[in-house]
Every structure is written in C-alpha cells, then in structure tokens.
Amino acid sequence: MEKNSHKIELVLLLVVSLILLGTTAIFGSEKNLIKEKSIPTQKGLTLSVEASGADIYVQTWDKDEAYVKIYGNRKAEEKMRFEIEKVDDGINIIAKKKSSSWFNFWNWGGYDVKIEVMLPSNYNTDVETSGGDIVIVNLKGKNSLRTSGGDVTLNSTLGDLYVETSGGDIKLNNHSGNSQLSTSGGDITTLKMKGDLKASTSGGDINLEVSDGRIKTKTSGGDIDIVYDGMNKGIEATTSGGTIRAKVPATFKANVYFETSGGEIESNFDNSRTNKVSRNTLKAEFNGGGDSFVLKTSGGDIKVDQR
C-alpha cells in the first residue's frame, strides 16, 4: 500500500511539473518589441540579415530610409544579441544567441523572434535564418534567401533570385527575373513568373506557371505541373516517382522527347510530327521543331495539352 501511495505521489508531481512547464512556455512565447531603429539609406544597397530561428518580413515604401523592428519572447530577449547597423553597402541586422557553447546546444529551444523591415523599393537582400520563414513583398533587386527549416514566400518582386530551404515550401507570386529555387523537403510553386527558372525538391511537388524563360526542374518524389506561355526557350522536367503534366501555347515550337518507365504518355498537341513512338517514349516536333522540350518520369504518367 505504501509503495502504491509513493507511485501516486510521483505521478502527481510529474503532472504538476508538466503543467507548470507548459504555462511557462505559453507566457514565455509572447513576443514584445525588443529593438527598433530607423536608418537613412538609398536605393541599390543591400540588406544583410543573419538570424537564429527568426521569421523575417521585408516590405517597401517610398522613403530613402530603412525601418527595422525586432520582436521576441522573454527567452530571446535574455539569451540573444540583437544588432541593427548602417554599413557602407547598406544595412546589417544580427539576431543570434549570445553563446554557442556545448551546454547551450541542449537548451536551444524556446526562442521566438520576428524581424520586420521596411526598405526603399529598389534594394538587394542577403538573408539567412536557421529556422524561420522569409517573406519578401514589392521589392526590386537581387535576393539571396536561405533558411534551414522555414517557408520562403515572395510577392510582386523583380530581380535575380536564389532561394534555399532545407525543409520548407517555396512560393513565388508575380516574380520577374532569373531564379534558382531549392528545397529538401517542400513544395515549389510559382504564379505569373517571368524569366529563367531552375527548381528542385527532394520530396515535394512542383507547380509552375512561367512565361518567357528556360525551365529546368526536378523532384525525387513528387508530381510536376507546368503551365507555360511565350516562346519556347527550353523545358526540362524530371521526376523519379510522380506524374508530369504540361500545358503549352499552340505556337510552341519544340523538339520533343518524353519518357516514362512505368506510366503512359498522352500528347494532345495539334501541330505535331511524330519521329518515334513506343510504349515508354515519344520523339516528335511541335510546329516544325525548336528548343528542347524534355519530360522524364520513372514511375508516373506524362500528359501534354495545348492551351
């Protein structure tokens, strides 16, 4: 009886501890304004951000001025250092843990940080965060964006673009410029995009709406959907385990090669001359031929329609 009573006491103590821990986490996650700064700047310079686990939001306005706000919870305010400074080539922002010792490796969780930045409309960015989301809106300039575990979203942007995320989705809406997109475990989506595009994901789907650009895209485990408009500048799409669907304009000129190891091929293009066809491959010319149009899948179907 005494042993059972002792076990009950231990269980109750554990429950109370978990409740207290959860309460601390809830109150500790509330974000407050930690630091803000307004800095005179000019168009064409670069915003550089180096952050540990922070979400980063960048928007523009009609001022030659950068305005930065950093929000964080209590743990972030106590354990992280925050810097906002003007440099020769633009603005530097740092939001990093004060210590990177082995002890702090076991106490890394619980940080909640958000960085908001207003910039002139023409500005470059070089942003890196170890685990947060990145959002860029209405910006003209070169963008280099890297996150270890978050999503990356761009709306109404112009300029060369490099995006890399280890575990999140990439979404572009109304972007113009040559782009290179890479994610290890997420989906890639582009809407109303113009320019050359390289897009790869190890485990997600790829959905592309592109015009006037060369496309090279690959996924190891998902489907690929392409809607293309404009002159063909070359399209190459490969998936190891999914289906490929593509829609191209009636004026599309291409040398065609479609291949599937385990599915079917369906081509519904009107002005097509078939050079070679089998169960698994199709070689043809659309509108007399042009740049390459290559679709390959190891385990799915291929379907091409005329818009």
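Is lysine 31 buried, partly exposed or exposed, and what is its relative accessible area? Lysine 31 is partly exposed, with a relative accessible area of 34%, where buried means under 20%, exposed over 50% and partly exposed in between, for a 1.4 Å probe and protein chains only.

The model is predicted, so that local features need pLDDT of at least 70 and side-chain atom pairs count only at pLDDT 80 or more, while totals for chains, interfaces and linings use all residues. Residues are numbered from 1 along each chain as its sequence is written, and side-chain values use heavy atoms, with hydrogens and water left out.

**Salt bridges**

With a salt bridge taken as a side-chain nitrogen of Lys or Arg within 4 Å of a carboxyl oxygen of Asp or Glu, the count comes to 11.

| Pair | N to O distance |
|---|---|
| Lysine 31 and aspartate 112 | 3.4 Å |
| Lysine 96 and glutamate 50 | 3.7 Å |
| Arginine 307 and aspartate 229 | 4.0 Å |

Lysine 31 lies in the loop between helix 1 (2-28) and strand 1 (32-40), and aspartate 112 in the loop between helix 3 (102-105) and strand 7 (113-120), so their pairing ties together parts 81 residues apart in sequence; helices (H or I, at least four residues) and strands (E, at least two) are DSSP runs numbered from the N terminus. Aspartate 112 is partly exposed at 22%. Glutamate 50 is likewise partly exposed, at 40%, and lysine 96 is partly exposed at 24% relative accessibility. Asp126, Glu128 and Arg146 are linked in a network of salt bridges.
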